[in-house]
Amino acid sequence: MRARTKIVAGNWKMNKTVAEAASLVEKLQKQLASFSGCEVVLCPPFTALASVAKLLKSTPQIRLGAQNLHPAPKGAFTGEISASMLREVGCQFVIVGHSERRRYFGETDAFLREKLLAAVSAGLHPIFCVGEDLPDREAGRWPDHLRSQLQGVLHALPLPVLSEIVLAYEPVWAIGTGRNATPEQAQEAHALLRQELERLHGQSIASRLTLQYGGSVTPQNARELLAQPDVDGLLVGGASLEAESFTSILLSVE
Ligand code: PEP
């Protein structure tokens, strides 16, 4: 079972060549040499995983994550990568259900559930993303949307699977837009997610899961977001691409 520890992850998306990735990791390693404020996870593109894994051997406190996986163990799935391949290359985490995957690649709840199961059985911690789009936020339908995303993927999942998951609340309208959820909005959504987890799986697991917020996190807003009682960490896109901004976000962790 994962402990409910603070965790900040950087999702590099489709950015950074192998050389650029190495340069970013080397800067982070220098700046974070004595940092122990939270778990740190870097999620480079697939092409840079092996080289980043090699660099991270000297700083095991910075962990490696992937941005996606295929649920099958192997086979005729051109262009895809399995959970055990990610483990082999040194990943401990994998992002599942990012809104860009749902939107551009049509990933459904049933498929995401398979991915979660495959990830956990290979020993990976999935960072499972949920979040409403702007029309649902503006119409006040966000609680129903979040409940349905949780229920659609997590219903009746065995507790040993569930307990390895990190849940990330990523409102779609906040991703890459420069418009973050306010700390109050983030707290309200996280509290609702915890309540729904409790309804689905019981109080014990709901209180022990780590909930991250993601969506236009910057060095300016990180501290206030992290100060919310149900915000246990951050998933950072754009601001994780530069060592200075990512480090300064990490330093906001109490
Ligand atoms: C993300 O893509 O997970 C994300 C939160 O992006 P950004 O921080 O750029 O909004």
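Let's start with helix α12 (residues 243-250): 6 of its 8 residues are buried, so the helix is largely enclosed by the rest of the structure. Buried here means under 20% relative accessible area, with exposed over 50% and partly exposed in between (1.4 Å probe, protein chains only). Helices (H or I, at least four residues) and strands (E, at least two) are DSSP runs, numbered from the N terminus. Keep in mind that this is a predicted model, where local features need pLDDT of at least 70 and side-chain atom pairs count only at pLDDT 80 or more, while totals for chains, interfaces and linings use all residues. Residues are numbered from 1 along each chain as its sequence is written, and side-chain values use heavy atoms, leaving out hydrogens and water.

The buried residues of α12 are Ala243, Ser245, Phe246, Thr247, Ile249 and Leu250. Their cover includes β1 (7-11), α1, β2 (39-43), α11 (222-226) and β8 (233-236).

Now follow α1 (residues 18-31) over to α2 (residues 46-56): their axes come within 9 Å and cross at roughly 30°. Axes are lines fitted to C-alpha atoms, for helices over the stretch in contact, and angles run from 0 to 180 degrees between N-to-C directions. The two helices, α1 and α2, are therefore roughly parallel to each other (under 35 degrees; over 145 is roughly antiparallel, 65 to 115 roughly perpendicular, and the rest oblique). On the α1 side, the contact (heavy atoms within 4.5 Å) is made by Val18, Ala21, Ala22, Val25, Glu26 and Gln29, and α2 brings Thr47, Ala48, Ser51, Val52, Leu55 and Leu56.

Back in the loop between α11 and β8 you'll find Gln228. At 17% relative accessibility, Gln228 counts as buried. Leaving aside residues up to four places away in sequence, Gln228 touches Pro183 and Gln187.

Last stop, the aromatics: a search of the whole structure turns up 1 aromatic pair. Tyr169 and Tyr213 form this pair, which is tilted, at 6.3 Å centre to centre and 55° between the planes. Rings of Phe, Tyr and Trp (its six-membered ring) pair if their centres lie within 6.5 Å; planes under 30 degrees apart count as stacked, over 60 as edge-to-face and the rest as tilted. Tyr169 sits in strand β6 (residues 166-169) and Tyr213 in strand β7 (residues 210-214), 44 residues apart. Both tyrosines, Tyr169 and Tyr213, are buried.
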